[in-house]
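Student: I would like a close look at one part of this model, namely the place where the two chains come together. Please take it slowly and connect the pieces as you go.

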Number of protein chains: 2
Amino acid sequence: MKEKKISQAVIKRLPKYYSCLRHLEEDNVAKISSSEIGKILDITPSQVRQDLCNFGGFGQQGYGYDVSKLKETIATILGLDKQYSLIIIGAGNIGRALLGYTGFKKHGFEVKAAFDVKTDNLKYDGIEVRHMDELAEYIRTHQVDIAVIATQKTVAQDVADEVIACGVKSIWNFAPIDLNVPKSVIVENISMTESLLVLSYRMNELE
Amino acid sequence: MKEKKISQAVIKRLPKYYSCLRHLEEDNVAKISSSEIGKILDITPSQVRQDLCNFGGFGQQGYGYDVSKLKETIATILGLDKQYSLIIIGAGNIGRALLGYTGFKKHGFEVKAAFDVKTDNLKYDGIEVRHMDELAEYIRTHQVDIAVIATQKTVAQDVADEVIACGVKSIWNFAPIDLNVPKSVIVENISMTESLLVLSYRMNELE
């Protein structure tokens, strides 16, 4: 690991800061202290200051942070000033849940197409489910920033290989499997089992 | 934060260690070094040693870790030597994806019932979807270790309040909202938006 690299833990907290600041801005809060942010997010004020320091010191001792400015800066760090085109591969329950979720669009993520081995002329929220046979051709002829893998575990690696071969550089993976990808490809996993095991750990920690 | 408390980052890595060790055991690997574990999980060997040290030193310099023993110890830490009864509230796409996922059972998590405002006599993988009106009575008369909230964002807090009032102590939350709960209740969130924003951060970091 490189010394200068921002730690995974900090990166994972950035969306929480962003969401917190967005709500504060909606509530017309102009300034906020590290203690107040810490209280909302259940982390220590010094952790808040340290985290935000990683991205340039936005706060001023005794004055707190400018909510809108800090929100905009974090949005830029998170790449939310851009637009991303997503395709969803696998239109089972998870795929359909993603197709039906409107929350991503406001952050600049737009689902452009969905693919499955079964299509049955289905449409979810205006997006037609295409046959997997059309996947490669679609990627070659459209801008695809992120491929979402929402297939069965058994075919997830094959799907990853296919989209990578077609030039996709970023994968959001919902299949319960660790994908093997070249170093140049980014994979972000959503692991339900890991989350459940963290819950179970915390239940046992209490006992 | 208490000094002795295991950090969130370490806790979140525990399921990864567990899954890695489970696969090694299946492949009949008896011993493994911190470097090898690190290589599989893409973390430094010193981080591996430090993490596992938190739970008592299982390794021996120059000999590595006993795969089965370490797996069992981590399983116990994660509470996987126990059985948990889950109920799923909300039988939309996410709820149905959870009902259909068989992977939890092998870790001791069993879905016992599902609830929704619409029932239509639906059954998923042998589990009948009951009406929300039956929720309180069900919790009062059955063992419910974990309530899974897979409802719309708008009703998630009400559902949380109801299950907590009936005595549920642990919530696995899929709704995109931060639940307000008493200190004694454990909530583990799965946030798809946060995961997507981490992906977006990493895409921009590369540029």
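Which residue of chain A does the side chain of Glu194(B) meet in a salt bridge, and at what N to O distance?

Tutor: In this predicted model, the side chain of Glu194(B) meets that of Lys16(A) in a salt bridge, with 2.8 Å from N to O. Glu194(B) belongs to helix H8 of chain B, while Lys16(A) sits in helix H1 of chain A, which spans residues 8-26, so this pair joins two chains. A further salt bridge is formed by the side chains of Arg202(B) and Glu188(A), for which the N to O distance is 3.1 Å. Across the interface of chain A and chain B the rule finds four salt bridges, and over all chains the structure holds 17.

The size of an interface is often expressed as the accessible area that is lost when the parts come together. Here chain A and chain B bury about 5300 Å² between them, and 68% of that area is on carbon and sulfur atoms. On the side of chain A, the residues that lose the most area to chain B are Leu196(A), Leu197(A) and Tyr201(A), which together account for 13% of what that side buries.

The arrangement of the two copies can be stated through a superposition: chain A is brought onto chain B by a rotation of 180° with 0.0 Å of shift along its axis, at an RMSD of 0.0 Å. The two copies are therefore related as by a two-fold rotation axis. Within chain A, the C-alpha nearest this axis belongs to Asn93(A), at 2.5 Å from it. The same surface serves both copies, in that 98% of the contact residues of chain A recur in chain B.

It remains to ask where empty space is left, which rolling a probe the size of a water molecule over the atoms shows. By the rule applied, there is one cavity of 30 Å³ or more, and the largest cavity has a volume of about 40 Å³. Its lining consists of Ile94(A), Phe174(A), Ile190(A) and Met192(A), together with Ile94(B), Phe174(B), Ile190(B) and Met192(B); by class, that lining divides into eight nonpolar residues, no polar and no charged.

The second largest pocket holds about 820 Å³ of space. Of the 32 residues that line this pocket, Gly92(B), Asn93(B), Ala150(B), Thr151(B) and Gln152(B) are the closest to its centre. The elements giving two or more residues to the lining are helix H5 (93-100) of chain A and, from chain B, helices H5 (93-100), H7 (153-165) and H8 (192-206). H7(B) gives the most, with four residues. The lining of the second largest pocket divides into 15 nonpolar, 10 polar and seven charged residues.

Definitions and conventions
Residues are numbered from 1 along each chain as its sequence is written. Chains are lettered from A and ligands numbered from 1 in the order in which they are written. This is a predicted model: local features need pLDDT of at least 70, side-chain atom pairs count only at pLDDT 80 or more; totals for chains, interfaces and linings use all residues. Side-chain values use heavy atoms; hydrogens and water are left out. Copies are superposed by least squares on the C-alpha atoms of residues with pLDDT of at least 70 in both. Contact means heavy atoms within 4.5 Å. On a 1 Å grid over the protein atoms alone, a cavity is a set of points where a 1.4 Å probe fits but cannot get out, and a pocket is an open set with protein on both sides within 12 Å along at least five of seven lines; lining residues have an atom within 4 Å of a point. Grid points are joined across faces, edges and corners, and a volume is the space filled by probe spheres set on the points. Ala, Val, Leu, Ile, Met, Phe, Trp, Tyr, Cys and Pro count as nonpolar, Asp, Glu, Lys and Arg as charged, and the others, Gly among them, as polar. Buried area is the accessible area (1.4 Å probe) that two parts lose on being put together, summed over both.
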